[in-house]
Amino acid sequence: MSTSEIALMAHLMRRAGFTATRDELETYVAGGYEARVEQLLNPGDPEVIPDDIIRRVHFSLDEGPDGAAAQWMYRMITTKNPLEEKITLFWHSLFATAYSKTNNSRSILNQIEMFRRFSLGSFRDLLVELSKDPAMIFWLDNNDNHNGKVNENYGRELLELFALGIGTYTENDVKDAARAFTGWTLGNVDYMAVKANKDSFSPYGRIAWHFEYRPDDHDDGEKTFMGETGRFNGEDIVDIIARQPAAARFVSTRLFQFFAADQVDEQGEKVIEQMIQSYFDSGYEIRSVLRTLFNSDFFKSEAARFARVKAPVELVIGVIRQAGSYREPNLGIEGVSSFSYYMGQGIMRPPSVEGWHEGEEWIESGALLERVNFVAQELGNTSLPGIKRIIERVGAENGGTLSPIEFVERCLDVMGPIEVEDETKEVLVSHVARRGDIDLRDESVHDESTKRAGELLSLIGSTREFQMA
Amino acid sequence: MSTQTTTARENLNYTQTIGMIAAGGRYQAGRGFLGPYSIATSSDGRIFVVNRGASRVCICDLEENFIGAFADGPGSGDGQLNQPTDSAFDSRDRLYITDEALHRITIFDSQGTFLGKWGEKGDAPGQINGPSGIAFDSEDNAYIVDQHNHRIQKFTSEGELITHWGGMGDGPGQFNMPWGVTVDSQDNVWVADWRNDRIQKFTKDGEFVSSFGESGEGDGQFNRPAGVAVDSEGYIYVGDWGNERVQLFTPEGKYLDKSRGQATLTKWTEQFMDSNPDERDTRAIANMYPTLPDHLNDPYRASSQTEPYFWEPVAVHIDAGDRLYVTESRRHRFQIFERA
Amino acid sequence: MGSGNGQNGGAKDRNLVVLQLGGGNDYLNTIVPYENGLYYDNRPTIAHDPDKILKINDEIGFRPDLEPIKRLWDEGKVAIIHGIGYPEPNRSHFRSMDIWHTAMPEEIGTEGWLGRVIRDIDPTAENVLTGVNFGRGLPRSMGLKGVPVASVGNLETYGLFPEMEDEYLRKFAIDSFAKMYGGKGKDAVMDFLGQTGASALKGADLLGTATGKYKSSIEYGDNPIGNDLKNAATVMFAGLGTRIFHTSYGSFDTHSGEVFKHDLLWQDTARAVGDFWDDIAEHGMDDDTVIFMFSEFGRRIKDNGSGTDHGSGGVAFLIGNSVKGGMYGEYPSLEEKDQIEGDLAYNNDFRMTYSSILEQWLEIEAAPIVNGRFEQFDLIKS
């Protein structure tokens with residue numbers, strides 16, 4: 001298999017997943033790029049750590065936001081279906097619902113599970129589920145949206161931030177959409193709202209939420225929405241939204257920015273057009289839209305590689321998957337979700353309904369230190385199975401001795417392949433050259449060589465280029 | 001007029017709930033529980049509740065008096081707990097608590113004074129790895145469920161190994177991450193064989209006698225049973241953790257009854273409600289047993305939404321009066337039942 | 001943007017230390033209305049013994065354990081702002097903290113008020129250490145794009161590769177890092193990464209010199225708040241140009257076991273604040289520093305049998321030589337008719353206090369930072 005095939009597959013796995021090990025990449029290349037895309041889009045058994053085992057080790061992991069984030073991270077770390085988790089993360093970022101107001105982790109986890117179930121299917125179906133999701137309802141005050149006393153918050157954000165985008169609808173559309181969602185509330189809403197607003201876990205812990213439709217509170221009158229008129233209920237609004245070109249453009253653009261490139265240029269625009277076409281051809285299926293994106297020339301081109309700043313969760317999970325840590329329940333997992341939080345992305349704690357501002361905004365000096373230190377520590381831990389395997393592969397082909405430049409190039413290759421600029425490579429090479437050649441086979445220097453290898457992996461993980469996906 | 005014939009008491013009858021959450025911050029204090037994992041009752045009827053949430057042991061009684069607390073943790077020093085899992089009194093009113101993270105047994109007297117500890121991590125005979133259940137027989141020998149070694153080990157109360165049996169597997173006498181254990185009045189040893197979804201019975205020397213149960217949600221089936229208790233007449237109570245319920249069986253292992261729990265408010269919660277009328281009033285008009293959509297109707301999620309139901313019934317305990325205590329780690333309370 | 005007096009930086013030498021008590025500190029049990037029968041009626045389980053109160057006047061006093069703060073109060077250095085809060089109280093920790101952090105009660109704000117302050121006094125980020133947080137993770141109050149803020153969990157190990165045990169190897173790794181981040185990148189993102197990395201490194205280098213320079217007779221308590229304030233003092237005295245210091249302590253969320261917990265929390269906190277102030281005085285910076293201490297909300301008037309639940313209407317403190325000691329705002333009424341759903345009513349918006357600090361102490365324009373014009377308290381001596 002050629003280097004370029006491996007490089008392309010590595011790019012796909014960085015974007016559609018959380019990176020992949022060299023061994024995995026070779027397996028995937030053997031099956032072919034398109035086949036791998038299909039595998040990713042049609043996830044089978046994720047083979048994750050079973051829930052019962054997690055609950056036996058951890059007491060009430062899903063009780064609070066850090067633990068619930070950690071519970072999801074177990075899945076991200078061990079799943080055989082990384083795209084399933086990545087696209088769920090995409091929806092979580094897009095339909096950002098925060099713990100800070102809901103104070104109910106179990107309900108947000110339920111929302112995330114719902115995203116997972118509907119993540120690759122029809123955008124229309126997903127929007128209906130979203131509208132019924134109790135965490136979303138409470139988050140955007142739809143429980144305060146009554147017949148005769150409309151609260152427009154959900155109606156507005158649905159159009160502005162979740163499905164259509166500013167400038168594609170009128171204020172009247174917002175009003176009537178909101179009216180259509182009256183009566184869409186939570187069961188036992190008064191009690192649940194009081195508890196949430198006070199962050200009350202008394203007397204017997206928190207109580208999770210479920211959807212309740214109150215027909216007596218629903219405004220059944222005639223509404224006009226996006227040029228159509230009728231006695232619309234919530235599902236009708238979603239039906240109309242889903243067939244708007246603006247919706248196709250909105251979701252395609254967001255998917256493009258999440259999976260392909262932070263910035264949309266002229267070429268990117270062309271891909272988005274193709275994605276829009278797939279959206280309609282397939283009956284709004286996200287799977288088809290992503291298939292078009294992943295198989296596009298643009299996505300596969302060299303220009304698209306390393307064009308996104310890794311979000312903290314991507315960085316953390318990616319490194320852990322490479323290193324092979326946390327494959328079994330481990331009380332330290334909550335520390336992992338804290339790391340991501342200190343880097344600026346706390347799962348279930350988006351700063352606002354706009355979600356996280358991605359791209360360059362992930363980079364600020366405190367976050368950068370946290371990123372570099374976390375990666376360096378994990379990649380430098382030569383007792384971890386994934387790191388051992390990398391070192392094994394690096395030393396495999398040469399009969400043992402590597403010059404500094406060979407050593408650096410092999411590590412970059414096995415770890416990714418990761419591309420770095422010449423200046424960066426020079427620094428890495430001179431760092432290694434301080435202690436000369438390295439022999440990864442000779443038993444007598446095994447410990448020393450292993451340490452040096454761990455150091456170099458850490459240093460590679462600290463580069464600017466490593467911050468990019 | 002017909003006289004009533006004596007019938008066997010074969011139903012689970014709910015009598016009361018005790019407890020409330022005690023939480024907030026780094027220190028635990030005051031009346032309430034946080035992640036109760038086990039209950040043991042002393043000979044004078046005091047109830048000792050071992051908490052995993054912030055590692056401490058609370059003492060209360062059936063009148064809901066909060067008597068005190070000890071072993072504030074978490075920590076690894078003498079008398080401290082880290083991940084306490086199960087507890088039991090020996091015949092001399094000494095309380096033994098297993099700790100899954102410290103791989104040891106810590107001993108207190110019934111006033112909470114630290115008396116000693118034993119146990120070390122490992123897989124050799126006499127060593128333990130993630131000890132869960134603990135129970136005593138009539139000779140004050142302790143049976144420890146050695147979770148990650150998939151075996152039962154029998155020790156003297158000072159920690160000297162007497163015998164051990166088990167091994168990973170699903171055959172008779174084998175285990176898969178076993179959890180709870182109890183000893184009945186005939187000195188038979190019963191084990192909640194967690195991942196094999198069954199209950200196994202042994203003699204006090206570890207000879208396999210019988211087993212019952214299989215995976216499932218139906219009557220008499222289990223989903224990860226965590227605890228087992230036997231009353232003075234040999235009736236068997238199983239804490240069917242994964243199904244969020246308790247089941248009652250005849251001494252022969254025939255299914256009789258089940259309960260998902262039906263907790264009510266307690267004295268401590270009444271105090272809370274008094275100072276929080278907003279919660280009291282909105283709770284009064286809420287439906288505490290809502291109908292749930294399919295995707296939220298599995299036992300775990302249903303219990304997370306239906307507050308009176310058991311949520312993670314990690315342990316079952318029978319006291320000297322044959323009362324059943326069901327400890328719920330996620331609801332910070334326990335519910336008491338009687339066989340009637 | 002820009003400050004009111006036409007120059008950048010406002011009052012150039014003045015320090016602001018912000019101490020956040022997380023979890024919702026119980027106001028009524030901090031400043032106690034020891035003569036008010038309603039206090040005892042409502043708090044049968046947790047009311048303080050009136051004989052132990054450190055009296056301020058005939059009506060209210062500090063709870064026991066606040067001796068260090070009482071001492072500063074007697075010296076005229078403590079302003080107590082009673083009944084501080086905001087409209088439509090929010091009793092959720094995170095949301096309420098956000099409100100204090102972004103000075104936006106009505107919507108979800110995205111810019112931290114202290115971030116704006118740092119940008120105002122150092123618009124070109126000339127000094128990467130103008131604002132430092134003592135604790136891990138950037139607090140929302142200091143978050144603002146383009147504003148570098150160091151978050152120092154452990155001052156002694158702060159910086160790159162703290163896990164590398166071998167000092168020699170660590171130095172080489174840091175060297176290589178500096179070289180890799182030093183040059184121009186192939187595009188704008190790489191450039192930005194380079195600058196950010198360089199500034200992080202610079203900050204770490206400078207902070208690394210602080211511990212070596214620290215000499216003091218003060219012995220802080222060995223607990224998180226003692227450690228954080230000691231670190232803040234260390235940085236302050238190292239002359240690195242840091243002006244805005246932030247740290248937090250908690251949790252003050254005393255739903256149960258309040259008597260026991262609140263005691264411990266205030267023992268730690270009051271002692272740390274006292275030690276910190278003494279340290280600042282010993283180093284001659286007490287004229288140039290004020291400490292602002294607040295919590296995201298107060299707690300319910302009535303206790304629940306073991307503690308108190310989330311309420312509203314709190315208390316804040318401003319401490320310093322330059323502070324006009326005294327009481328501001330009104331001590332809230334415990335009468336039922338004055339309560340808001342069983343809670344204390346607030347009587348002054350926290351943005352008033354922010355504005356006072358910004359304009360009177362830091363001498364920068366408040367309106368752009370707190371999103372509006374608010375009346376001020378006369379808190380600083382002129």
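Colleague: Why is B:His332 called buried?

Modeller: Happy to explain, and keep in mind that this is a predicted model. The relative accessible area of B:His332 is 5%. Buried means under 20%, so B:His332, at 5%, counts as buried.

Colleague: Where in chain B is B:His332 found?

Modeller: Look in the loop between strand E23 (324-328) and strand E24 (333-339) of chain B. While you are there, check the backbone: B:His332 is not a glycine, yet its phi is positive, about 60°.

Colleague: What makes A:Met348 count as buried?

Modeller: Its relative accessibility does. The cut-off for buried is under 20%, and A:Met348 has 0%, so the word buried applies to A:Met348.

Colleague: What is the phi of A:Met348, and where is this residue found?

Modeller: Phi of A:Met348 is near 70°, which is a positive value in a residue other than glycine. You will find A:Met348 in chain A, in the loop between helix H20 (333-342) and helix H21 (365-379).

Colleague: Which residues does the cis peptide bond with omega of about -5° join?

Modeller: That cis bond joins A:Ser202 and A:Pro203. To find A:Pro203, go to the loop of chain A between helix H13 (189-198) and strand E2 (211-213).

Colleague: And what is omega for the cis peptide bond that joins C:Gly250 and C:Ser251?

Modeller: For C:Gly250 and C:Ser251, omega is about 15°. C:Ser251 lies in chain C, in the loop between strand E8 (244-249) and helix H8 (258-282).

Notes: Residues numbered from 1 in each chain as written. Chains lettered and ligands numbered in written order. Predicted model: local features only at pLDDT ≥ 70, side-chain atom pairs only at ≥ 80, totals over all residues. Heavy atoms only, no water. Helix = DSSP H or I, 4+ residues; strand = E, 2+ residues; numbered from the N terminus. Buried < 20%, exposed > 50% of the residue type's maximum accessible area, 1.4 Å probe, protein only.
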